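Keep the structure open while you read. The text below walks through it in short steps.

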Amino acid sequence: MKTQKISALITALLLVITTLIGNHSAEAQSSKLPCRIEISIAHISKDLWIKTGKRAVKVDAFSRCQSPQSKVTLTVELWKTGEFLNHFVYSTVKRSFGITSPRDQVENFDTYAFCKNRETTSYYGIAYSKAFIDGKWQYARHVLSRIINPIDCGT
Amino acid sequence: MNIDESFLTPAQQIRELEVMTECFRLMQVERSRYELQAAILFERGSFSRQNGNYLLKYKIKDDRFVWHALPASATENSYSGEAPIPKSRTEQIEQLIEFFAQSEVGSMSEGMPRDGSSRYV
């Protein structure tokens with residue numbers, strides 16, 4: 001009975017967290033906001049697999065703003081789902097020097113982990129950024145991969 | 001899966017392949033050096049090494065391994081990465097081998113040399 005209550009509580013908490021993250025995602029991609037982040041679905045790098053026989057799971061993200069942005073920090077995190085809690089796998093941060101024009105984007109394509117086995121695991125990415133725009137710091141809230149993807153890749 | 005897993009352009013895909021192939025190569029070729037670095041990190045909790053134009057700083061922070069790549073010039077980009085610390089020592093060393101390689105190729109396309117011209121600080 002106690003276990004069922006704990007399980008129900010954890011599920012409720014996860015739903016609340018997922019909803020909050022979903023709202024952040026929608027906000028960050030809104031055209032009203034000065035910056036937009038996009039993050040890919042977690043995927044196996046096929047070219048690496050073909051060339052080396054080694055498999056790696058990867059997420060990519062970029063940030064683009066409507067105004068010139070400077071001091072851009074773009075963070076990308078790779079996560080895998082767990083029975084009760086999700087697990088952090090790897091994260092990278094790119095701190096871009098100088099000014100990025102509205103035509104250009106700041107990219108972070110360096111977040112990946114090599115597979116240790118073929119265990120099916122569900123992965124997703126999270127990206128967020130901050131930048132100095134129009135004289136003040138702007139924060140793009142967390143954006144989640146559109147799909148949580150099961151992949152034959154244990155890490 | 002047919003959905004858009006990655007939105008990289010062909011040029012970016014080539015760069016991605018180069019970076020990850022180099023990372024995999026380093027994990028094999030530099031394994032002995034990385035094992036030595038892992039021992040240093042476990043003993044000291046942190047260390048730095050110069051790698052071309054970048055100072056690579058490594059440390060153990062709470063339950064994570066952390067690296068920072070700091071450029072010599074203030075006009076270059078900087079990078080960092082974090083990975084969870086596994087429970088067993090064997091897993092920790094394997095994690096660090098991948099971690100060190102990732103840190104060294106972290107800014108590969110933007111001029112970070114990987115010629116072994118490094119020194120510990």
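In this predicted model, Lys71(A) counts as partly exposed because 15 C-beta neighbours lie inside 10 Å. A buried residue would need 20 or more, and an exposed one 12 or fewer. Lys71(A) belongs to strand β4 of chain A, residues 69-80. Its backbone deserves a look. Phi of Lys71(A) is near 50°, a positive value in a residue that is not glycine. Most residues other than glycine have a negative phi.

Asp134(A) also has a phi near 50°, again positive and again in a residue other than glycine. Here the setting is a loop. Asp134(A) sits between β8 (117-133) and β9 (136-144) of chain A. Is Asp134(A) buried or exposed? It counts as exposed, because 10 C-beta neighbours lie inside 10 Å and the cut-off for exposed is 12 or fewer.

Now turn to where the chains meet. On chain B, 25 residues are in contact with 26 residues of chain A. Which elements of chain B give two or more residues to this side? They are α1 (10-29) and β4 (78-84). The largest share comes from α1(B), with 8 residues. By class, the side of chain B that touches chain A holds 10 nonpolar, 10 polar and 5 charged residues.

Strand pairing also links the two chains. Strand β5 of chain A, residues 87-95, is joined to β4(B) by 5 bridges. The two strands run antiparallel. For one pair to find on screen, take Thr92(A): its bridge partner in β4(B) is Gly81(B).

Go back to α1(B), which gives 8 residues to the side facing chain A. Within chain B, α1(B) also packs against helix α3, residues 89-105. Two packed helices are described by the angle between their axes and the distance between the axes. For α1(B) and α3(B), the angle is about 135° and the axes are 9 Å apart. Angles over 145 degrees would count as roughly antiparallel, and 65 to 115 as roughly perpendicular. The two helices are therefore oblique to each other. The crossing of α1(B) past α3(B) is right-handed.

Which residues make this contact? From α1(B) come Val19(B), Glu22(B), Cys23(B), Leu26(B) and Met27(B). From α3(B) come Ile97(B), Glu98(B), Ala101(B), Gln102(B), Glu104(B) and Val105(B). By class, the contact has 7 nonpolar, 1 polar and 3 charged residues.

Key: Residues are numbered from 1 along each chain as its sequence is written. Chains are lettered from A and ligands numbered from 1 in the order in which they are written. This is a predicted model: local features need pLDDT of at least 70, side-chain atom pairs count only at pLDDT 80 or more; totals for chains, interfaces and linings use all residues. Two residues are in contact if their C-beta atoms, placed from the backbone, lie within 7 Å. Helices (H or I, at least four residues) and strands (E, at least two) are DSSP runs, numbered from the N terminus. Ala, Val, Leu, Ile, Met, Phe, Trp, Tyr, Cys and Pro count as nonpolar, Asp, Glu, Lys and Arg as charged, and the others, Gly among them, as polar. Two strands pair if DSSP finds at least two bridges between them. Axes are lines fitted to C-alpha atoms, for helices over the stretch in contact, and angles run from 0 to 180 degrees between N-to-C directions. Angles under 35 degrees count as roughly parallel, over 145 as roughly antiparallel, 65 to 115 as roughly perpendicular and the rest as oblique. A crossing is left-handed if the near helix is turned anticlockwise from the far one by less than a right angle, and right-handed if clockwise.
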